[in-house]
Amino acid sequence: MNNRHVILFVLLLLVLVVTFLMQLFVGSVHIPVGEVLHILMGSNQVSDVWRNIIIESRLPGALAALFAGAGLAVSGLQMQTMFRNPVAGPYVLGISAGASLGVAVLILASGFIGYSAEVHQLSGIAIIAAAALGSVAVFLINFFISFRVRDVVAILIIGLMIGGGISSLIEILQAMSGNEALKQYVLWTFGSFRYVNNTQIGYLSVFIVFGILVALGLSKSLNALMLGDTYASSLGLHVQRSKFWIVFCTSILAGSVTAFCGPIGFVGLAVPHLARSIFKSANHLVLTPACALLGGAVCCVCNVIAGAPGSDIILPVNAITSLLGAPVVIWVILKQKRM
Amino acid sequence: MVLKAENLSIGYRAESPVFSAIDFSVMQGEVIALVGINGAGKSTLLRTLAGLQAPMAGALTIDGIEINQMKAAERAARISIVLTERINIDHITSKDFIALGRLPFSNWLGAVSEKDNEVIVQTMNVLQIAHLQNRTFNELSDGEKQRVSIARALAQETQLIILDEPTAFLDFKAKHTVLQLLQDIASQLHKTILFSTHDLEAALPHCTSAWVMTEDRKFIATSSNLDEIKKLFR
């Protein structure tokens with residue numbers, strides 16, 4: 001960490017604060033900045049409707065965007081280092097696909113046997129449990145495969161195949177389900193920060209903060225793994241053990257975000273590249289906090305855009321992150337080709 | 001430091017080892033070239049010496065301790081390696097790259113200490129690469145990359161440094177520079193250096209001895225005399 005990094009961290013923190021507050025100030029209902037500040041200070045001289053909008057809707061959504069972005073970006077950073085592949089992301093492990101399958105089974109299959117109304121009511125805890133189960137299942141499959149197959153490309157292809165297989169299962173479930181269940185599922189796949197309530201934010205924040213702290217503790221292992229398994233082992237690293245903890249950590253981060261906010265693409269893939277370019281560093285002690293801050297800021301901006309300020313429409317967050325993220329990924333691949 | 005092998009067999013299956021009956025004893029400060037045709041088992045031998053794969057039979061010790069019995073951290077304190085595989089790390093500076101050699105000494109977070117920094121600066125001076133320290137590893141020439149890679153191994157402060165074909169991608173001038181540096185490291189810093197090579201003419205003048213892995217599966221430790229070695233390949 002040098003002086004340049006310190007300055008960049010301060011700037012990034014400022015950007016994060018500004019983008020976070022933007023989410024509270026901007027929305028489909030116009031609330032004057034002064035009133036928003038009064039509500040945040042806990043003042044009683046404000047309309048209850050406005051207070052409700054800020055405290056029960058905008059604030060949890062803003063926090064969800066912050067934690068989700070931080071978690072996805074750190075998880076993507078770890079994947080790219082572990083697989084030594086610039087286009088790896090949490091999706092490569094199929095963790096999000098696994099979570100989607102869990103949710104699809106819950107919403108679509110239970111709708112199929114006539115439970116849809118109740119599922120809609122319990123959606124909170126039920127969807128989270130289903131997503132968590134799905135991601136843990138895929139995590140376990142991947143983990144055992146990674147013991148047998150050491151080739152990085154093979155693991156990536158197997159990950160893609162697992163994802164493909166899971167998508168097919170989901171499509172079959174979709175074909176068999178009724179309109180109401182299908183609509184619910186599709187809405188979840190859009191990804192959103194604004195349906196996360198204040199209780200869920202509590203859980204999400206605990207998972208993400210824990211995951212990022214573990215990731216920071218893995219910095220040394222990740223730095224060694226940049227050189228590949230052989231060098232890492234020659235530097236005294238217990239490679240298999242380190243990889244277990246990395247997979248554990250990414251699963252917690254990506255799995256919990258997907259469970260609470262739906263599948264959100266490209267943040268985990270693109271943000272680590274932006275962080276490396278901005279900080280011009282490969283050291284994970286620098287990159288991990290940088291990804292957390294930058295990922296949080298990116299998702300805050302996406303959340304504001306998704307709210308389509310000035311209109312009543314809410315756009316799918318997944319579409320916004322993909323629109324912003326895809327060019328970054330193309331840029332990364334072009335840059336690799338040049339070398 | 002003494003590196004010693006007695007009746008060592010190397011390979012992947014005990015019933016059909018790649019190479020058997022390897023005996024040698026290496027002292028501190030020696031520079032040894034490992035030569036042999038492609039597929040002779042040079043890489044397998046180097047991997048076994050580095051503790052990255054287990055011997056099939058026989059004894060292989062460093063200072064009397066079985067290399068295969070050592071914990072990864074103990075090995076890291078005694079043996080460092082430089083491989084041929086191309087490394088592609090975005091945005092890493094040469095200095096940060098060399099700093100990776102200090103990981104065995106760092107705290108659990110892997111932060112670089114004052115002492116680490118001293119060793120890194122010293123190492124860069126030995127290899128005459130201080131001017132490269134802030135440049136990105138990916139934009140260095142092949143010769144510069146090789147010197148930075150050797151600096152990383154040297155920063156690990158091990159008695160034994162093992163290199164897999166360190167001159168493979170280098171032009172004539174860079175090849176000479178790297179070989180001279182290896183010789184200097186051995187004689188001035190009392191390191192033991194072992195490297196595989198196909199480049200007999202260039203390498204042997206810088207070595208104290210040579211190991212030949214012949215086509216008929218004999219392991220011969222000999223002097224670094226070019227004519228003697230050429231006879232073994234007839």
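# A walk through two chains

From the N terminus on, chain A runs α-α-α-α-α-α-α-α-α-α-α-α-α-α. This is a predicted model, where local features need pLDDT of at least 70, side-chain atom pairs count only at pLDDT 80 or more, and totals for chains, interfaces and linings use all residues. Residues are numbered from 1 along each chain as its sequence is written, while chains are lettered from A and ligands numbered from 1 in the order in which they are written.

Visitor: How many helices and strands does chain A have?
Guide: Helices (H or I, at least four residues) and strands (E, at least two) are DSSP runs, numbered from the N terminus. Going by that, chain A comes to 14 helices and zero strands.

Visitor: What is the radius of gyration of chain A?
Guide: That radius is taken over C-alpha atoms, and the globule rule is 2.2 Å times the number of residues to the power 0.38. For 339 residues the rule gives 20 Å, and chain A is close to that, so it is as compact as a globular protein of that length; its radius of gyration is 20 Å.

Visitor: And what share of chain A counts as buried?
Guide: A residue is buried if 20 or more other C-beta atoms lie within 10 Å of its own, exposed if 12 or fewer, and partly exposed in between, with C-beta atoms placed from the backbone. Of the 339 residues of chain A, the buried share is 50%.

Visitor: Which elements of chain A give two or more residues to the side that touches chain B?
Guide: Two residues are in contact if their C-beta atoms, placed from the backbone, lie within 7 Å. On that basis, 23 residues of chain A meet 25 residues of chain B. The elements giving two or more residues to this side of chain A are α9 (219-225) and α10 (229-234).

Visitor: Over in chain B, how many helices and strands are there?
Guide: Chain B has 234 residues, of which 44% are buried. Its secondary structure comes to eight helices and 10 strands.

Visitor: How many residues does the largest nonpolar core have?
Guide: A nonpolar core is a set of buried Ala, Val, Leu, Ile, Met, Phe, Trp, Tyr and Cys residues joined through C-beta atoms within 7 Å. Those with the most contacts inside the largest one include A:Cys291 and B:Ile162. A:Cys291 touches A:Ala73 and A:Leu77, among others, not counting residues up to four places away in sequence. The size of this largest core is 168 residues.
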